[in-house]
Amino acid sequence: MFSFPAVLGHEVLAELGGVRVVVNPLLSCLERGLPDCPACARGDDHLCENVAEGSLAPGMLGFCRDLGGGWAERMVAHRERIFPVDERVPDERAVLAEPIAVVLHGLRQAWGRGDGFEWPSRLLVIGAGSIGLLAIRLLRTLGYAGPLYAVARHPRQAELAQRLGASQIFSSAQAAQQAAGARRYQGILGATSWRGGFEGVIEASGSPGGLQQASWAVREGGRVLLLGAPATAFHDFSPYWFREIGLFGSYTYSWDDFAQTVKLLPELEGLEALVTHRFPLEAWPDALQTAVRRRGIKVVFKP
Ligand SMILES: [Zn+2]
């Protein structure tokens, strides 16, 4: 839920009193001056039930008609959502705190156990845009040491994926499945079916067909983590039934996920390479063109 017109921007590195800070841009009961809803009360403020209630116009993340986002010289944020950044962290990595928190939350959703993780024996990441690349780096930092396969479309993505910790890169999910020893069968009605595959699959492409590829790439009894927004309305859920797959949806992060992310930033070396383009605010048409035409990985404004 959103309301417009609004100044956009929810991935924010800012300066407050001479200190670099990152902003957790969630808008929940806290910002709206409301008593905690059940989700906020249990620490899941990213699932707040009051995103269209209280003193602010509707908005879930970063901005709404009454509260501008980060594409500006100044912005307003609640003090509890402002986190100082360790001075060892370069700007280009710090500005990625928000999407890194998205990935950390997802990994906790699918494979978190208590304070740690219980990792699958073999993982596939579909998509090597910013979210896929962040996932590869974060998995390694959090201690996943097993085979980590990635599907990348462009040579630059493939090269970065490898540098950030992927063991092998493939041009399609099917190629990765075959390399993992999965077997392909032709169904009676013409549909393709697979047996075997990866214990864990992360859909990070947000592309049409990405979720469907993940549904077949995952081994029987495995788990699919949905980080990319599903790009198609129709989806065949039968693999989830007859192969007993678990599907984990993941949206943004809790307050705690964001706080943990800020602590992890000094260890996440290499991610600064994801920032490929910088623009002053006045050059917003060029910045938007660059982002929309996918010429870069991360495009940032430097007001
Ligand atoms: Zn709430």
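Q: In which loop does Glu-244 lie?
A: The model is a predicted one. In it, Glu-244 has a positive phi of about 50 degrees although it is not a glycine. The place of this residue is the loop between α9 and β13.

Q: Is Glu-244 buried or exposed?
A: A residue counts as exposed when its relative accessible area is over 50%. For Glu-244 the relative accessibility is 64%, so this residue is exposed.

Q: Is Arg-243 buried or exposed?
A: Arg-243 is found in the loop between α9 (238–242) and β13 (246–249). Buried means under 20% relative accessible area. Because the relative accessibility of Arg-243 is 1%, the residue is buried.

Q: Which residues is Arg-243 in contact with, leaving aside its neighbours within four places in sequence?
A: Contact requires heavy atoms within 4.5 Å. With the neighbours within four places in sequence set aside, the contacts of Arg-243 are Trp-194, Arg-195, Gly-196, Ser-215, Trp-216, Val-218, Arg-219, Glu-220 and Gly-221.

Q: Which residues of α8 are buried?
A: Helix α8 covers residues 210–217, and six of its eight residues are buried, so the helix is largely enclosed by the rest of the structure. Those buried residues are Gly-210, Leu-211, Ala-214, Ser-215, Trp-216 and Ala-217.

Q: What is the relative accessible area of Thr-252?
A: Thr-252 lies in the loop between β13 and α10 (255–264). Its phi is near 45 degrees, a positive value in a residue other than glycine. Thr-252 counts as buried because its relative accessible area is 5%.

Q: What is the omega of the peptide bond that joins Phe-4 and Pro-5?
A: Phe-4 is placed in the segment before β1 (12–16), and Pro-5 lies in the segment before β1 as well. The peptide bond that joins them is cis, with an omega of about 5 degrees.

Q: How much accessible area does the nonpolar surface patch that includes Phe-4 have?
A: Phe-4 belongs to this patch with Phe-2, Val-7, Leu-8, Trp-71, Tyr-251, Trp-284 and Leu-288. Together they have an accessible area of about 750 Å².

Q: Which residue in β15 is the bridge partner of Val-275?
A: Strand β14 (residues 275–279) pairs with strand β15 (residues 298–301) in the parallel sense, over four bridges. With helix α11 (residues 284–292), the strands β14 and β15 make a right-handed β-α-β unit. In β15, the bridge partner of Val-275 is Lys-298.

Terms used
Residues are numbered from 1 along each chain as its sequence is written. This is a predicted model: local features need pLDDT of at least 70, side-chain atom pairs count only at pLDDT 80 or more; totals for chains, interfaces and linings use all residues. Side-chain values use heavy atoms; hydrogens and water are left out. Two strands pair if DSSP finds at least two bridges between them. Helices (H or I, at least four residues) and strands (E, at least two) are DSSP runs, numbered from the N terminus. A crossover is right-handed if, with the strands pointing away from the viewer, the path from the first strand over the helix to the second runs clockwise. Buried means under 20% relative accessible area, exposed over 50%, partly exposed in between (1.4 Å probe, protein chains only). Patches are made of residues with over 30% relative accessible area and no salt bridge: like charges are joined within 9 Å, nonpolar side chains (Val, Leu, Ile, Met, Phe, Trp, Tyr) within 5 Å. Accessible areas come from the Shrake-Rupley method with a 1.4 Å probe; for residues, only the protein chains shown count as cover. A salt bridge is a side-chain nitrogen of Lys or Arg within 4 Å of a carboxyl oxygen of Asp or Glu.
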